[in-house]
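Please read the numbered points beside the sequence and the model.

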Amino acid sequence: MDIAIKNSKKRKKVTKRVIGLSLMIAPAVVLLFLFSYIPLYGIIVSFKDYNTYVGILKSPWVGLKHYIYFLTDPTFYKVLKNTLIISFYDIIFGFTAPIVFALLANEIMNKSFKRVVQTISYLPNFLSWVVVAGLMRQLLDPSIQGMVNSVLVNTFGIEPIYFLGIKKLFVPMAVIIDIWKNVGFSAILYFATIAGISPSLYEAASVDGAGRLRQTWHITLPGMASIIVLLFLLRISSIFSVGFDRIFNMQNPMVYDTSEVISTYVYHIGIQQAQHSLTTAIGFAQSVLGFTLLIFTNKLSKKVSGLGLY
Amino acid sequence: MNNTGVLRKIFVIFNYIAFTIFALLIVVPFVHAIAVSFSDYQSVTYGHVKLLPINPNAQFYLEILTNGYFLISFGNTTFLTIVNTFLVIIISLAAGYVLGNKHMPGRKILMYYVIIPMYFSGGMIPFYLTVRDLHLYNTYGALILPAIVNIFYIIVFRNSIAGIPAELTESAELDGAGDFTILFRILLPVILPMVTAFIIFSAIAYWNEWYNTMLFIKDKEKYTMQYWLRNLLMSRVFEDTRTNPYFLDPQKVIVNEKSREMAAVLVTILPITIVYPFLQKYFIHGIIVGAVKG
């Protein structure tokens, strides 16, 4: 047989295969182009005074005008401060809660009790924030129609508290309710990690006379260390992106002062007030900052624990 | 040994109590909502309703379950959940497979192409403007297309598939199997636990979708169920009753909106609440497998 014919047959097979593979990845490529890359191009809107009627290309260039604007805008700094405060408390309480939850649950010996509690604790995670905020708003209603205030007033004779309407209470409520929603589910990963620790380590420690507490400190925690560090890093790199969903569904105009974070601020003035250019600038800055943070914390993690995201 | 000391016993008791309280805390808001939704106007308004309904009646549930807009939104949500979950998994599997396939030229560049958007995003406004300029405003397309590409899934599938021994695919190739067959008949069963977990998470996320609806949908007939719910709940907070289509005309029976709202909330979460205990073992298994592997 001619080598030439063999080769061309092979090439046809290869090309056919490449076409097949390309088709398989085509939807992802096209969709990413449409909804990830075109919006990236949309960032140039932040360097222009975007006018909806004229479109992106014809809107006038204004350079760094919008960046300078928000960097010197006191309202923006208030929003930034709110964002960082909520992130801070989210990390101190929200990040540690599932870890504590997993460690304590690990000490529960009754399997059915454990399973029931876990099953119950997963449910809020699967509900939307629309639902959770709705339930909480009813529970914490400022009139006596809400159960908490009903008990406070009728049983303890205290004045009702407007939990979701007092500026200073918003942050604690947002953090606590977030924990309520997520702690059970977030703990699953830690359960899996704990389960992966070799039982022989515990046996050996036990033989050496270590009680549960010491075993937890010297075996369980170190065993969880790498995943805790990894997740902690991911958390740190997203301190500027406090979730829109939770805040948006829980806030009302009375508490905007302490509840408005970057994501909700961008929505309010960007979409509702159509300040497209300014909010695109903010969004881009946020993205760049987040990315830089991620690189930095990843380097840090590699130095500390030899583990990184990539 | 310290394992059976007094301190330990106290701790164990404390632990059980703490978790019992925790479980109750999870359950209480739901119980209260159920109670309010079944109670009458007087009892709710005067704050008598705590954990048990007073003068129970199901009027609000009937109202909601016969409300045209609710039913349509339920249909929309069901349709979108099924379609989107199916599409996102298929697209992610296919892309993950190709990215790890030796026979695909330029897959390194493709890898960068896929990963970059994970770190860099245009932000909310450019996304909004893009969807609008693609003439997807107020269409189902806006609720499907942007939602069905998941970079995280693509990467995870790529890594899982790459971890499968090559002999498996090679023997199939020798038997004349095409890439499609290899992926779905041979590789998929191997990574099924993780895929199942992702299917569950995706389905739930799509079921709860309201954000894209808020941004892009104007017609009430295209609302998703959670967005319908949000409108209903927000109408109280922002006193928007004039434009709220679900504010019914004066009734024969005086209505406490809170009861209706709680009934609405509970109706929307009923499907998930019923289904999720059965799905538990699937997604936990998937998470554990995923955690161990990577």
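1. Six residues of the lining of the second largest pocket come from α14(B), which gives the most. The model is predicted: local features need pLDDT of at least 70, side-chain atom pairs count only at pLDDT 80 or more, and totals for chains, interfaces and linings use all residues. Residues are numbered from 1 along each chain as its sequence is written, chains are lettered from A and ligands numbered from 1 in the order in which they are written, and side-chain values use heavy atoms, with hydrogens and water left out.

2. At least two lining residues each are supplied by α5 (111-122), α8 (167-195) and α9 (199-207) of chain A, together with α14 (257-293) of chain B. Helices are DSSP runs (H or I, at least four residues), numbered from the N terminus.

3. Of the 24 lining residues, A:Lys111, A:Lys114, A:Gln118, A:Phe191 and A:Ala195 lie nearest the pocket's centre. A pocket is an open set of points on a 1 Å grid over the protein atoms alone, where a 1.4 Å probe fits, with protein on both sides within 12 Å along at least five of seven lines; lining residues have an atom within 4 Å of a point.

4. In helix α13 (residues 262-272) of chain A, 10 of 11 residues are buried (under 20% relative accessible area, 1.4 Å probe, protein chains only). Among them are A:Tyr265 and A:His268. Just after α13(A), A:Ala274 has a positive phi of about 55°.

5. A:Trp217 belongs to helix α10 (residues 212-236) of chain A. A:Trp217 counts as exposed because its relative accessibility is 58%, the cut-off being over 50%.
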